[in-house]
Each structure stands twice: as structure tokens, then as C-alpha cells.
Amino acid sequence: MSRFSKTLIALLVAGATGLAAGTAGASEGYPGIGRAATEAEVKAWDIDVRPDFVGLPKGRGNVDDGMELWETHCASCHGVFGESNEVFTPIVGGTTAQDIETGRVAALVTGDSPQRTTLMKVPTVSTLFDYIQRAMPWTAPKSLTADEVYAILAYLLNLGEIVPADFELSDENIREVQERMPNRNGMTTDHGMWPGAAAAKGGLGNGGKPDVKNAACMKDCKKEVEIVSALPDYAQDAHGNLAEQNRPVGQTRGKPTGAPAEEAAPEAKAGGAAALALANEKGCMACHGVANRIVGPGYNEIAEKYRGQTDAASGLIDKVKTGGQGVWGAVPMPPQGHVTDDEIKQLVQWILEGAQAQ
Amino acid sequence: MAIKNARPGRVRPAPENFLTDEQIAAVKDGRRDFLRKAFLGATAALAAPAVARAASAGDPAILELPPWTTSLGLPVAANPYGMPSKYERGLQRRESPGLTRVGGSSVAFTPLQGLFGIITPSGLHFERHHQGWHDIDPSKHRLMINGMVKTNSVFTMDDIMRLPSVSRIHFIECGANTGMEWGNVAVPTVQYSHGMLSCSEFTGVPLKEILDMCGADYKKGRFVLAEGADGSSMTRTIPMELIESGEVLVAYGMNGEMLRPENGYPLRLVVPGVQGVSWVKWLRRIEVGDKPWGAKDEAVHYIDLMPDGQHRQYTSVQECKSVITTPSGGQLLLDKGFYNVSGMAWSGRGKITRVDVSVDGGINWRQARLETPVLSKAITRFNIDWVWDGKPAILQSRAVDDSGYVQPGYGQLRKARGTKSIYHNNAIQSWKVVESGEVSNVQVL
């Protein structure tokens, strides 16, 4: 464990073999551990873009192309105008021309906006480029080219009226766009919750000074107790039966609330319940609702579309197995290799029969 | 004290073995009187035969030998990987309905209401994913170190697991834990109010050792980026000072086995004292740089909205906090008398030095017992005796850490930060107890 023994082992190994560490690079102190990365390897993974645009790839894309890409890859989750609140919180909305001038989103002060959209919050355009490039689209992250990322970002910025409709965004003009970000002056690091050096010493924040100070009073600390909030009646049952979320022995029991959960163990479930459990277990429900569209179509829509088509099952089984695209829009359904043939058959049959839970 | 108060010879089997259907219904209605009435009934020999028998000869759970005492049990390795008793199935990770709409970008909360001690069972460790989770083949996993280092380098899991390892116990808490409660009470139980909290023994290698091997430029490179291998390839900026302290680990072990896939198998960053989002799971890359990165989770999410409309950026430390887990919201006390009030305290700045408990809503406080071990940036278990007189009460706990910081009340916290911050709510939690024995979530300034 000690430094001494590590050094000793290193010396012994070096002495015995007459060799320096076997690989170039990361082996100082621990011979034989790690190797140098190739240039291509670093390029493949080092995709981050910083607020000062270090790491930004060269490229360009315009609002029109972005709109087409948006409708193909993004609109099903985020809405055609980035305004949807169905799957994720809205990206666009709540910013004004005045905000673009000042760099502070006024609605954050007045509380006028029902929700905080991405464009109301994000101070740095680099963040949007970085995130779209690394994590989007939702089901196929890192599949967009740099030019496509520029185009999609140009479309988004246009929706926020940060750039005009005929704009082409590129690595050359992105700095000018940064100067128009509506909340570019809306951030502060003047707080005590950065666990490194203070701003004055090359880090961030005030060096860990808390903003709230309580005292450990022990006796007669106040005259009366005022309860300012309690669980509203409508929320009493929202988390299911609390009696079933507690141990059946001990100091306390859970309070019976809501509808009792199903007693049957999963293996005892039959028919629809079993299929629904399987759909949950295999992650199908992440993209498909029983009666609602998420990323892909709802099961009700699928049943409706194929009603009366006797050969629908085999086609759908193939689609689940190998993936598909185009029937319900351009967001691809990835191949579901983790679901067995029998399970796929069971799921497809259940969906075509109307995806009943019982 | 407990002995003194106990009534000699009083038989108190579990209610479900003791009560009639009608009386069980009364329990479910939350009426606490049931036990007292049951005993009165037993004395008057008016209750069910079982009750009468219990009162006369003794407890049927003793008198009638159960099957597990009178038959052969299961062989070894019947469960090659052991699971909790079927009677414990109520204690599971759960989502909070309505909190998120997509399971791949959601939270499953740890059932703190049922946990003991300081270690979270690995299967109950809370989950937070940003783009779903994967079970990664460890032989294909790589860790790359690049940026302001002498040699950009690659490590396999074999490499990392050959290095000298350390094992340390630390808590991990999501920055948004208790976030739903900033403005008002929103959830019924401690699972949903505080369950984005877990504590485990992590095994791995100090990141400092690996950065040393790569020749990190500690003079210019004062920031580090950590990046995951999942679809979101989530990134967070971490100060080099924390890494130089030796506390930040590249970890593969959790509670004696490998990390669970939901918790980052085969490799995650452990950043003690810092919010969970920085403990990057499925860790694939560390970059050394001279400026923070302004990543999505540093510029769109995990930013704290202040009353002046500004957002605090790069808030990372989880300040001192505590919560009583037994009794807690959504539970019922079965009778008056003695209780062991128990809870958890933790601080991202160091060790817990004391926890005070109030049963009158914060007018008077008593010092709780801290159970060992008391470790830096780990959960500390506290306990305190309480004899419930059957009258209304409001239970609170207030923790103090070794920096001298005292956990604040809601009034103090809101005065400084308003009600819309979402993140870093470490206010004193209040649980109201009413005469029926029902415990519920309330807020007291």
C-alpha cells in the first residue's frame, strides 16, 4: 500500500527484466497499467464544447434545413415549435426581444411564465450545441453530423427569435449568437456551494461560505408553532397504498391510502396484466403509452391502424425484432434484441387485441 | 424507563394475529383506539376465541407451534443470490407519480422509511438516469484521460482493478432531493421527500493516482470534466482541489460487490459531499482543463433559481441535513408509550457532530444519540427515546456538522433562496402526529 512498496516493486520489475515500463504513456509508478491513447481515439470521444467554444467542430447549417431535421428527429418529443410539454419540458418560449437586449430573462423575475423553458435558462449557446451533439436524438444519440447539429440549433434559435429565418449558423458566427442569448447574464457563481477554490483563487464562488445561518437553540426557542403547509387532500392517495410501502412489523405501520395494489405475484398474472408487465419490464413503455403517444405511437393507435388486417402480426413482430422507421414518422424504432421471439409475439398479439390491462 | 412503564404480563401479539376482521378494519381506518378496546374486550371475554385464548393461556404464536418449527426447511443455495424475505416486499424503489413523464429520464426513490443503520442495500439504492441505463460488458469498457495531461491515456477495467484500491463509506444525494417541497408539502412519505439519498461502501482508485500516472498539469488544469458512456454521455465539471484531496474515486465496487448496472456498472465516479449528478455513472472519460464546461446539467438543469431571477450555477455541495425516518409521514403509531425515534444525518462538508430532536415543533430540543461509525461525508444514524403520551406532536431533527453549520428551518432557507430553487433543499423536516397515531408531512417555519 505504501509509496515505498510501490516504488520497490517498480524497481524490482525494472531491474529483473531490464526494461522500462512496457507501454508508453500512463504507467509512471504502476508499470504495465494503462497505455497511451491514439489521436483517433481521443477524437472519437472528446466531443465536448466549452462556453469559450474550445472543442467546437467546424461546420454550418441553416434554419430551413434545421426545420426539416427537426421535424424528422425532434418534433415527436419536443413539438413542431419546440413548445411541447408532452414528453419533456418546453425548449422554446418565455423570452422577449427585450431579454435578448439585456441578456436577462424578465419572466424569471416576475414569475410570469408558467414554466421555465430551456431558452429562458441557458446562458451559453455552446451548451445547446454540446448537448444536441452528444445526446440527441433521444433514441439515437450521437447520430447527427456536425452540420446537422448546426442546422437544428439554427432552427431552435430562430424559434426563440434569436436569429432570423434566413440565418445560417456556423463555427464562424456562433460567437455573435452568444451575444444575443436571452439569459446570458442570468447566472451567478457567487455562492458557497462550489467545493473547490474560491473565485479569488482561480476557482468559483465565495470559497464555501454558507448563505443561511441557524443556531442550535435548545429551550423555549419560539412561542408558538405555525404549520404553514400540509399535504393537500387531493394528494393523499397520489402515491398509492402507503400501507403496502411499509414493513408489516415494527414500530409503525403504513397508513392505508388509495387503491390497494394487486396482490398477485407477477408470475401469477394472466393475459393483459402479464403482457403489460412484460412491456414495462422490457422498456417498451418508455416510448409507447397504452393510450398515448410518447416517442412512438400509442398501442391504441397501432391497434386501430391494423384493425382487420390478419397478417399484421407477422409484420409487426419483424419490426420489433429488427427495428423500423417511417410508418409513424421519422423517429426510428431501434431493434429490440433483448426481447425473445416468444415475448415479442405475446406483446404484438396483446397490442393488436387492444392492449387491455386485464 | 421503558421497563418501569411496561405492564407486567401484558401480552401484545401483532394485531393481525390478534384482532377480528372488524378490528382490523378499524386499524385500517386509522383509529388507534383499537388496541385499547381489544384489551378491554379480551378482559371481558367478549372478543374472538383467539383473543380469549391469548388472555387466558397465552399467545397462540407461542402455544401453537408454527410450520417453520415443525417441518423441514429449504436447502442451501435454494436462492443462489439471496433476496429479502417476501414479507419485506413493501420496501421497494418507487417513482413519484407525475414527477417525470419518461422512465429513461426519471427517478426511483429509496424507501428510507424501512432502512436501518447507515448502509443502503444495493438493490434499494436510488436511481436517476438521464437517458436510460445499460448493463455494460466490462471487458469492453474503457476509461480515457485526456486534456491537460502529458499523455492522453486509456485504461481497461483490468488496468483499473490492478491498481491499489481503497474502500470508503459515503452518502450520495441528488441535488434535487426534497426539491418537490421547496414551496409547500407535496408528497406523503420520507421515501418521496428524501429518498434520492443512499449511502454505500465504495471501492476503487483515487482519481488523483490515475491523473498522476498521466502527468496531469495541476498548475493550469484546475478543473476536471467527467463523462459517462451512456447515451446521454452526461458531463459535469469538478474542481481539481477535490481530486487533489484524494477523496474522489474511480469506483467499481459497492457494498462488497461490483456496482449495480443502475448505479454505473462497471465504473463510476465517487465525489464525496457533492450532489449525485457529479458522480458520473458508466464513467468513460476524464478531461483536465483550465475552465468549467457549462454542460447541460450545469447550464439548463442543476441550476438554482433565486428570488432575483438569477440562477446559481455550479452549486455542488450537499449541505448539512437530517430527517427522522421512524416515525415518518404516511405511518401510524400503534399505541402510546415508548418509541425509538430514529433518523439519518449527513453533511457534504464533513462529519456530523450532533443531532437535536424536537417533539413540539421546534420549541424545545433534546440531543439525540449518534450511532457509530460517524464518518465524514457519510450518513450518520441517530436515535432518541420518546414516550408518546397520545397527544398531538410535531417531530423534527436538526443536524450540526464539524464546520459548525446548523441545518436551517424552512423560514431561514426561503428567506435566502425563495421557493423556486428546486435544488439543495436541506430544511428541517417536520412530521405531525395526531391522536389517532397518524403521522403526516407538514412544514413549520
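**Exercise 1. Work out whether H288(A) is buried or exposed.**

Solution. Start with the rule: a residue is buried if 20 or more other C-beta atoms lie within 10 Å of its own, exposed if 12 or fewer, and partly exposed in between, with C-beta atoms placed from the backbone. Now count: H288(A) has 22 other C-beta atoms within 10 Å, so it's buried.

Before going on, keep in mind that this is a predicted model, where local features need pLDDT of at least 70, side-chain atom pairs count only at pLDDT 80 or more, and totals for chains, interfaces and linings use all residues. Residues are numbered from 1 along each chain as its sequence is written, while chains are lettered from A and ligands numbered from 1 in the order in which they are written.

**Exercise 2. Find where H288(A) sits in the chain and what it touches.**

Solution. First, look at the loop between α11 (271-281) and α12 (299-305) of chain A: that's where H288(A) lies. (Helices are DSSP runs of H or I, at least four residues; strands are runs of E, at least two; both are numbered from the N terminus.) Next, skip residues up to four places away in sequence; H288(A) then touches I294(A), G296(A), P297(A), G298(A) and Y299(A). Touching, or being in contact, means that the C-beta atoms, placed from the backbone, lie within 7 Å.

**Exercise 3. Which residues does UniProt list for "binding site", and why can we say they gather at one spot?**

Solution. Step one: the unreviewed UniProt entry lists C284(A), H288(A) and M333(A). Such annotations may be inferred rather than shown by experiment. Step two: these residues span 50 residues in sequence, yet no two of their C-alpha atoms are more than 10.6 Å apart, so they gather at one spot.

**Exercise 4. Describe how chain A meets chain B.**

Solution. Chain A brings 87 residues to the contact and chain B brings 111 residues. On the side of chain A that touches chain B, α8(A) gives the largest share, six residues. For a close-up, take T188(A): its bridge partner in β14(B) is R312(B).

Notes: Contact = placed C-beta atoms within 7 Å. Pairing = 2+ DSSP bridges.
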